[in-house]
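Welcome! Here is a friendly walk through a protein chain, from its overall form to a handful of its residues. Please keep the sequence and the 3D view at hand as you read.

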Amino acid sequence: MTTAEKTAYQAELFGNRLTKRYKHLKKWAKRTGVYCFRIYDRDIPEIPVALDIYETESDDPTIAGERYLQLYLYDRPYEKDEAEEEAWLTAMAESAANAIGIPVQQVVTKHRKHQKGENQYEKLNESRSGRIEFIAKEHNERFWVNLTDYLDTGLFFDHRALRHTVRDTCKGKRVLNLFCYTGAFSVYAAHGRASGVDSVDLSKTYLNWARKNMALNGFKENDTYRFFENDVVTWLKSASDQYDIIVLDPPTFSNSKKTDTLLDINRDWPLLVQLCYQRLNLNGILYFSTNSQRLKFEEQELSALRGAEISDITAQTIPEDFAGGKPHRCWKIVKTDGAGDLY
């Protein structure tokens, strides 16, 4: 089989898989009010890509309901000729467009290589030319997404279920969103009538994006909805406020030029959890999530926490479009003893 024949065969396999998955997932999405979701994630070993679909939200009926696809190619375990790889990825994009029924120009392709530190947040598109940016809807929340400028688009689908949990349990409570990125958890908490929502991130770009998302949903920055541009560890060490719900979803690595601190979540997670625990009110909840598959969560690392009830809630936080996979792991840590934070 020639390279061209192999590519054509894989494109056909990919298209058939997408047709089947999309038929199933779009029924679930319509029923649950989800307008952006993952369709495919390395389902077929020889086709190592992920595919996400986004539907635009707008008051303008001429652009509302437009569909776009984000196609990510993961690193292969072997080297492949660059021109050959691009031709292969183009064939997969064309197959995806045909399966979903959209123009191939509405498929954005990216290479998801192993990233470390600030590389994962570097801008890919330095000009406004060719930018694809629009409002997307998830349940009753609205978000600005950008398919072209960065590796990620501004909305992580795999945390949809946990966002829902936060929204449904935060009424009258103070919520802290750490490593807040573009503020999705903050938007959900505000919609859930939290008494206060604080968002912390070291990136000015993403913190402004979070402000933009909050404002889009009717929540402007004030004493109730606050934003802090700071290194999370530094901020936690100097913070004095207490919270009822804390969301801790850090990157695996972070080595921003703004700080001398190098965050390695596989090494530093106990410190982060302990610092968060000190900021919890009695019966407060910390949701700690990580995308790292190498992190070893050992409860003895947290033996210094007084009155901590720890449970692995990963299974409850994996949404339907990620069923069968484990895009993240998540723990719920409840502070049940107010006698003290640390021994």
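## Charges

The chain carries 47 positive and 50 negative side chains, and the centres of these two sets lie 4 Å apart. Lys and Arg count as positive here and Asp and Glu as negative, while His and the chain ends are not counted. Each charge is placed at NZ of Lys, CZ of Arg, CG of Asp or CD of Glu.

## How to read this model

This is a predicted model, so local features need pLDDT of at least 70 and side-chain atom pairs count only at pLDDT 80 or more, while totals for chains, interfaces and linings use all residues. Residues are numbered from 1 along each chain as its sequence is written, and side-chain values use heavy atoms, with hydrogens and water left out.

## The chain as a whole

The secondary structure comes to seven helices and 15 strands. Helices (H or I, at least four residues) and strands (E, at least two) are DSSP runs, numbered from the N terminus. Along the principal axes, the C-alpha atoms fill a box of roughly 70 × 45 × 35 Å. With 343 residues, a compact globule would have a radius of gyration near 20 Å, and the 21 Å of the chain agrees with that. This radius is taken over C-alpha atoms, and the globule rule is 2.2 Å times the number of residues to the power 0.38.

What share of the residues is buried? Buried residues make up 52% of the 343 in the chain. Here buried means under 20% relative accessible area, exposed means over 50%, and partly exposed is in between (1.4 Å probe, protein chains only). The chain exposes about 16,400 Å², of which carbon and sulfur atoms supply 46%; such areas come from the Shrake-Rupley method with a 1.4 Å probe, and for residues only the protein chains shown count as cover. Among contacts with a separation of 6 or more, 67% join residues 24 or more positions apart, where a contact means heavy atoms within 4.5 Å.

## Glu66 and Tyr74

Let us begin with Glu66, in the loop between strand 2 (49-55) and strand 3 (67-74). Glu66 has a relative accessible area of 31%, so it is partly exposed. Leaving aside neighbours within four places in sequence, Glu66 is in contact with Tyr54, Glu55, Thr56 and Gln106.

Tyr74 sits in strand 3. Is Tyr74 buried or exposed? Its relative accessible area is 13%, so Tyr74 is buried. Not counting residues up to four places away in sequence, Tyr74 touches Arg38, Asp41, Arg42, Pro48, Val49, Ala50 and Arg112. With one of these, Asp41, Tyr74 makes a side-chain to side-chain polar contact (3.2 Å).

Ser95 belongs to helix 2 (residues 82-100) and is buried, with a relative accessible area of 12%. Beyond residues up to four places away in sequence, Ser95 touches Ala11, Phe14 and Gly15.

Thr290 is found in strand 13 (residues 280-290), and it counts as buried because its relative accessibility is 0%. Which residues does Thr290 contact, leaving aside its neighbours within four places in sequence? They are Asp249, Ile265, Leu295, His328, Arg329 and Trp331. Asp249 is 41 residues from Thr290 in sequence, yet their C-alpha atoms are 6.0 Å apart. A polar atom of the Thr290 side chain lies 3.0 Å from the backbone nitrogen of Ser292.

Most residues other than glycine have a negative phi. His139 has a positive phi of about 55 degrees although it is not a glycine. This residue lies in the loop between strand 5 (133-138) and strand 6 (141-146), and His139 is buried at 15% relative accessible area. Asn283, also not a glycine, has a positive phi of about 70 degrees. Asn283 is in strand 13 and is exposed, with a relative accessible area of 53%.

Finally, Lys335 is in strand 15 (residues 329-335) and counts as buried at 5% relative accessibility. A polar atom of the Lys335 side chain lies 3.5 Å from the backbone oxygen of Tyr277.

Note on methods. A polar contact is a pair of N or O atoms within 3.5 Å; within protein, one must be able to donate a hydrogen and the other to accept it, and residues adjacent in sequence count only if both atoms are side-chain atoms.
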